[in-house]
Amino acid sequence: MGFKNNPVLQRELLVNLRTNRAFILLAVYQILLAAVTLIAWPSDERLNLTENPPSARRLVDLFFLGQYVIASLIAPSFAAGTISGEKERQTYEMLLASPIRPGAIVLGKLIAALTHLALLIVASLPIIVLFLPLGGVSVYEVAAAYLGLFVSVILFGAIGVFCSSYFSRTSNSLVVSYLVILPLVIGGILLWQFLATDGLLRLKVIVFIVPAFAIAAVILMAAATASRLLYPPDVGSEGKEIIDLEQEAAEAVGLVIQPDQFPDRLFAPPRRDTLMNDGANPVYDKEIHGEIFSQGTLMLRLVIQISILLAIPLMGVLLFWLTPHAPWFAVYVIVFNLLVGPVFLAGTFTSERERQTLDLLLTTTLSPWKIFWGKFIVGFRVAFVLTSFLVWPMLLGIALNPQFYTNWFFIVGLFAIPIAVSVVNAFVAITASLYQNRTVMALMTTYVVLIVLYVIPPGLNTLASTLEFSSSTLQWINWLGVTSPFRALFALPMDQHLFDSDGEIFHEGQPSLVIGYFVCSVLIVAISMLLISVKMKRLGGHLE
């Protein structure tokens, strides 16, 4: 079925492009790019356009890398719910029963999901054209960069649609999509920076190699998704709301969750076969034994395998070979918790609203606070245990490398900061779950808040350094980093042993910034508790 007569494509385009979110996102995106351009524009009265200043090239690189990261964050949010959303709305069987071919469904979903993102990228063209007269980059490199950007967006969208076909919850497909895309984003950034000194080679790689790889991957994933729609193994969702975990474990390929063994029972304990103790919290018992993995453990198994697969080589490189870059391993742990942690908390109350069971839960003899803590402890427990799986390689690497032994403040900070991040992420996610009506919106709200707190301050600091702002402005922007664990990690002091040198090489760090981060984390938790208290009073009065 062609593009013009594809009803799936037409319907999805109307739904996606006519929402308030589409116009707001486009306006915010353009305003941010225009602000960067205005700040970066030279203030000199006379410019020598025959030169190629390195600052201009760094600015263009930062511009494209920023768009690349933004695209990797936005693309799954549009694509990961294309098919799983049909399952959540219980329209999946109706879509499969229509005369539309599976390939047309997949193609329509993919194109519709990426159209808005393509508009954002095209809208940045006039702004990047303004940078060309400043020098530092040719028009061919700009064209190649946009080609690579479009190809990457298509690849990220295909990954989101592919994951969406395997899960019945959009939150699960969204997290798995992010975990798969994360190594690709890191690899793309490293490739772009590595080839920065050879513009011709970078041009050839982006024009020939990257599109070939992406197109092949997109075709394979689209074919697999269409085949899954043609012979759907998950038809009849009304009868398969609860999955038998023992049967799933018997049929699983790869990692198998064994609830009766350590450490699996820490995050997925076996179902209860005895009565609860007197005074036990039934909400906690119901969540930990049945609710949190009622849809199966596929997402959980993929998350563990992908994260460990990336953690092992990172441990060898960062904790044994490039020890001055050891904070990057903690960055990986934090990013993992940022992506995975909110999934187990952002849906705690919104899932009750979606099932229309929140009012029934509130009419029980349980207090709203008992319901809250039962749900919070379960979600935090699962997210924290999964994150600790990545902390063990970091602990092993530090214990086996004597270069870390003289850096006790650095070691304590390397473990304390991810713990603080886990707590902050949990409170932000459950606060969003209380104030939103849908799980997807609660999850996206959590991601937006955490990105503003964690990513924006380092981004502003990098931009200010690239544009060579004054020292007073740099100092002011530097202190904005108290909300970011990434800034706190790289502010930890390191002595000459980590630099494998007996000389005067060391990293003094900024202990005051580290302390400021922990103080800021306590304030964020306090604000979250205040918002939670306000909502708990409303729930206690059943004003829902």
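This is a predicted model: local features need pLDDT of at least 70, side-chain atom pairs count only at pLDDT 80 or more; totals for chains, interfaces and linings use all residues.
K286 and E352 form a salt bridge, in which the closest N and O atoms are 3.4 Å apart. E352 belongs to helix α16 (residues 350-354) and K286 to helix α13 (residues 282-291), so this pair ties together parts that are 66 residues apart in sequence. K286 has a relative accessibility of 37% and counts as partly exposed.

Stay on helix α13 and select E287, then K375. A salt bridge joins E287 and K375, with 2.6 Å between the closest N and O atoms. K375 sits in helix α18 (residues 368-400) and E287 in helix α13, so the contact ties together parts that are 88 residues apart in sequence. Both K375 and E287 are buried.

Now show K286, E287, E352, R355 and K375 together. Salt bridges with shared partners join these residues into one network.

For the last stop, select E86 and K109. Their side chains meet in a salt bridge, 2.6 Å from N to O. E86 is in helix α4 (residues 84-88) and K109 in helix α6 (residues 102-123); the pair, 23 residues apart, links distant parts of the chain. E86 and K109 are both buried.

How many salt bridges does the count come to? The count is seven, and the pairs to revisit include E86 with K109.

Notes:
Residues are numbered from 1 along each chain as its sequence is written. Side-chain values use heavy atoms; hydrogens and water are left out. A salt bridge is a side-chain nitrogen of Lys or Arg within 4 Å of a carboxyl oxygen of Asp or Glu. Helices (H or I, at least four residues) and strands (E, at least two) are DSSP runs, numbered from the N terminus. Buried means under 20% relative accessible area, exposed over 50%, partly exposed in between (1.4 Å probe, protein chains only).
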